[in-house]
4 protein chains.
Amino acid sequence: MARISPEAREKVRRRLLETAAEHFAERGLEGANVDAIALAAGVAKGTLYNYFASKEELFARVLEEGCRLAAQRYRGGRRSGSLRAHLLALAEADVAVLREEERFMRVVVREAMSFRPDTYPLLIEHMAPYLMQVKAVLERGIDAGEIRSDRPVEQLALLFVGTLVLLFVQHWGSGGTWPSLEELPELAVSVFLDGAGPPRESP
Amino acid sequence: MARISPEAREKVRRRLLETAAEHFAERGLEGANVDAIALAAGVAKGTLYNYFASKEELFARVLEEGCRLAAQRYRGGRRSGSLRAHLLALAEADVAVLREEERFMRVVVREAMSFRPDTYPLLIEHMAPYLMQVKAVLERGIDAGEIRSDRPVEQLALLFVGTLVLLFVQHWGSGGTWPSLEELPELAVSVFLDGAGPPRESP
Amino acid sequence: MARISPEAREKVRRRLLETAAEHFAERGLEGANVDAIALAAGVAKGTLYNYFASKEELFARVLEEGCRLAAQRYRGGRRSGSLRAHLLALAEADVAVLREEERFMRVVVREAMSFRPDTYPLLIEHMAPYLMQVKAVLERGIDAGEIRSDRPVEQLALLFVGTLVLLFVQHWGSGGTWPSLEELPELAVSVFLDGAGPPRESP
Amino acid sequence: MARISPEAREKVRRRLLETAAEHFAERGLEGANVDAIALAAGVAKGTLYNYFASKEELFARVLEEGCRLAAQRYRGGRRSGSLRAHLLALAEADVAVLREEERFMRVVVREAMSFRPDTYPLLIEHMAPYLMQVKAVLERGIDAGEIRSDRPVEQLALLFVGTLVLLFVQHWGSGGTWPSLEELPELAVSVFLDGAGPPRESP
DNA sequence: CATGAATGAGAATTCATTCAT
DNA sequence: AATGAATGAATTCTCATTCAT
């Protein structure tokens, strides 16, 4: 079976990547089984190794792809609109990715929780462009007096992203009961901006 | 043979539990190594099996202990004082546990991220008493008009706990840079109550 | 499809054979890698199998070629001259082959050391014509009284060839330090004829 | 099965070493099979790894043991007697080792023929004490005028050892036909000292 | 004919668990 | 009770060979 088209090859690679994401999301790097991944992807064990040099590399590629997908979300974010609308757009884009690529997202989140010295820098690096975008939105919010200015914007950006992840985790953990993906963006923005205190008086 | 005093036995058990927590925190259930745990705890491999029936049971016991420690935090929470003071006390108690039993906490958090059907219910169950306490505090806050009343208090409790975990994770992930354990409780309460919006006018 | 000229085909075959000899010399039959051989020879893996039915056959052909090269050395050996000159010529021819086809020679020597029932007879068989020539030379030496006659000439022939191989091995093993290829023929003849005892009185 | 006596442990180790030597002698490092070695030694696969960290280490230990055995041969070599008697004693000791530890010897010889950069220095190093002894004997022979003095004694020592190995190889290769182990020592000394030329006139 | 992707048997190695001492 | 040697199922990875393109 030689000389297959680059498209066909890419298709197999993609299928392996997605199957691997599923397994790694479910069982982690150590718990996942290369044989099972290959089998589930519909290829023989050896074939997987024609695409990825080792289990570790496969994992790294899945992580990379997960980060890439996450970072890609805000391409072409609008410039106009209220801060709240902007944050909502960001959160909705995030949820959209989650819907389509849940497996990759879960691998990223799960790995992020393990703080392994060999993957954590990778995660941070790939997250950088995403955080930049959040920061840009928040900075305009600070200028407009819609965001408290007593904290570094980097920290606020981390808090926003963290809030999203937190809600994802609660979504997963509750089996989708609460919060649902529909309500999640609004909830995230509300929690981030307003907190749990009593409603602010609107001027 | 050799009858051992119950105290000595309990001491060995405890050492095994703590060493195991450290290893599970570092490498997860699958990645950890029974030999290494026993060795690090200063006993032979076989001895570990005199205390725990299997690796899985050892893991479950570590998880259980982690949850117990977390749930124990609020023993003797005061009844009086402002809502903010109460939440701060809760958060500080949490951080205090974190300082002393970081390894157990990391195992719990890490496992919580994996959503495994066989351990997730366990986590939820063990978390219940803790959540109850948070709920009790929040309910009084709602009565006092200090907490928004448009959301179920269960959800607010989850958000508070989630915010704490989120900040723990950012603490670990940043290598302790931000947030530091000192500032963490205040930050958590502020984020939870006030959000990132502009300061409320105090009446 | 694509009919190839017999010359081109022979050229590819030869390149494969030589590359294979290099790899087998370096790593042995089991250690060598079909992929690596094909790659180094500049063809695809599958192509190799158009020329040789299996790794084992490829190895057998390399061995055969090595023996053939070794046996070819004495074509046109002169009839006249002293015994010592004759042996010197034999040894020099041997060294000449070694220079040009070192890889094949090393495969043969290496394989000879493993005494495998499935290749050893092959080696012996291919060595036969070469040994014949040595025997012929030695027989004339015996007739001329220049060789001790108390040992079967077959054994003496084996000793002569063995001495050559021994010195090759010491040449390879010493990284070419001692003996050098230049001094090797003379040394071989001297060792074979004179031994390490004190010089004979020449009559 | 714990706490076995050091003797029992050493016994198992020894059996593994000997079985491994047999397999490595037969099939080489790459061709040998760890499972088969363990099985033949009467232990489970995993047990072998309790004694040797890897196939490579096992091989290195076999090589080491082979060299050690070879180097041990001349303990207590006598000081008196003729050169020829001394060399004969050396050769006989060698043959004695060969009889008892043929498998180790074959591994050493076989490996020596492969000139692998990672094992060759090891071989040389372990051979050193043995060569020293040969040298000492030969030096006395030179002083006594029984050995030609026109060659460095190191080279002569290598030639003597090489001659022995050469005859071993011919012994193995001929299936024990020629030379037999009985005649081998005398033959080696004769070949080494006298060569194949006509007998020297004895003074 | 050449190619190189696919295959899967086989090899080395790990490791949780058992159990004789 | 403690030990650590023995076990073998399970896992990762290799590689000779096949065959569709």
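This is a predicted model: local features need pLDDT of at least 70, side-chain atom pairs count only at pLDDT 80 or more; totals for chains, interfaces and linings use all residues.
How do α4(A) and α7(A) lie relative to each other, roughly parallel or roughly perpendicular?

The axes of α4(A) and of α7(A), residues 120-143, come within 8 Å and cross at roughly 15°. Angles under 35 degrees count as roughly parallel, and α4(A) and α7(A) are therefore roughly parallel to each other. The crossing of these two helices is right-handed. On the α4(A) side, the contact is made by A:L63, A:E64, A:C67, A:R68, A:A70 and A:A71. On the α7(A) side, the residues are A:L122, A:L123, A:H126, A:M127, A:P129 and A:Y130. Sorted by class, the contact of α4(A) with α7(A) has nine nonpolar residues, one polar and two charged.

From α1(C), the residues in contact are C:E18, C:A21, C:E22, C:F24, C:A25 and C:G28. From α6(C), they are C:R103, C:F104, C:R106, C:V107 and C:R110. The contact of α1(C) with α6(C) divides into five nonpolar residues, one polar and five charged.

Now the domains, using chain A. The domain assignment of chain A gives domain 1 as 6-62 and domain 2 as 64-194. Their centres, taken over C-alpha atoms, are separated by 27 Å. How many residues of each domain take part in the contact between them? Domain 1 of chain A puts in 10 residues, and domain 2 of chain A puts in eight. On the domain 1 side, α1 (6-31) and α4 (55-71) of chain A each supply at least two residues. The largest share of that side comes from α1(A), with seven residues. By class, the domain 1 side has six nonpolar, one polar and three charged residues.

The same surface serves both copies, as 100% of the contact residues of chain B recur in chain A.

Then chains C and D. This contact takes 35 residues from chain C and 36 residues from chain D. On the chain C side, α1, α6, α8 (153-173) and α9 (184-194) each supply at least two residues. The most, 10 residues, comes from α8(C). By class, the chain C side has 18 nonpolar, 10 polar and seven charged residues.

Chain C can be laid on chain D with an RMSD of 0.2 Å, through a turn of 180° and a shift of 0.0 Å along the axis. That is the relation of a two-fold axis. In chain C, C:G195 is the residue that comes closest to the rotation axis, with its C-alpha at 1.9 Å. Of the interface residues of chain C, 100% are also interface residues in chain D, so the copies meet through the same surface.

Last, two chain pairs that make no contact. Chain B and chain C do not touch, and their nearest C-alpha atoms are 33 Å apart. No contact joins chain A and chain D either, and the closest C-alpha atoms of those two lie 20 Å apart.

Key. Residues are numbered from 1 along each chain as its sequence is written. Chains are lettered from A and ligands numbered from 1 in the order in which they are written. Copies are superposed by least squares on the C-alpha atoms of residues with pLDDT of at least 70 in both. Two residues are in contact if their C-beta atoms, placed from the backbone, lie within 7 Å. Domain bounds come from an automatic or database domain assignment. Helices (H or I, at least four residues) and strands (E, at least two) are DSSP runs, numbered from the N terminus. Ala, Val, Leu, Ile, Met, Phe, Trp, Tyr, Cys and Pro count as nonpolar, Asp, Glu, Lys and Arg as charged, and the others, Gly among them, as polar. Axes are lines fitted to C-alpha atoms, for helices over the stretch in contact, and angles run from 0 to 180 degrees between N-to-C directions. Angles under 35 degrees count as roughly parallel, over 145 as roughly antiparallel, 65 to 115 as roughly perpendicular and the rest as oblique. A crossing is left-handed if the near helix is turned anticlockwise from the far one by less than a right angle, and right-handed if clockwise.
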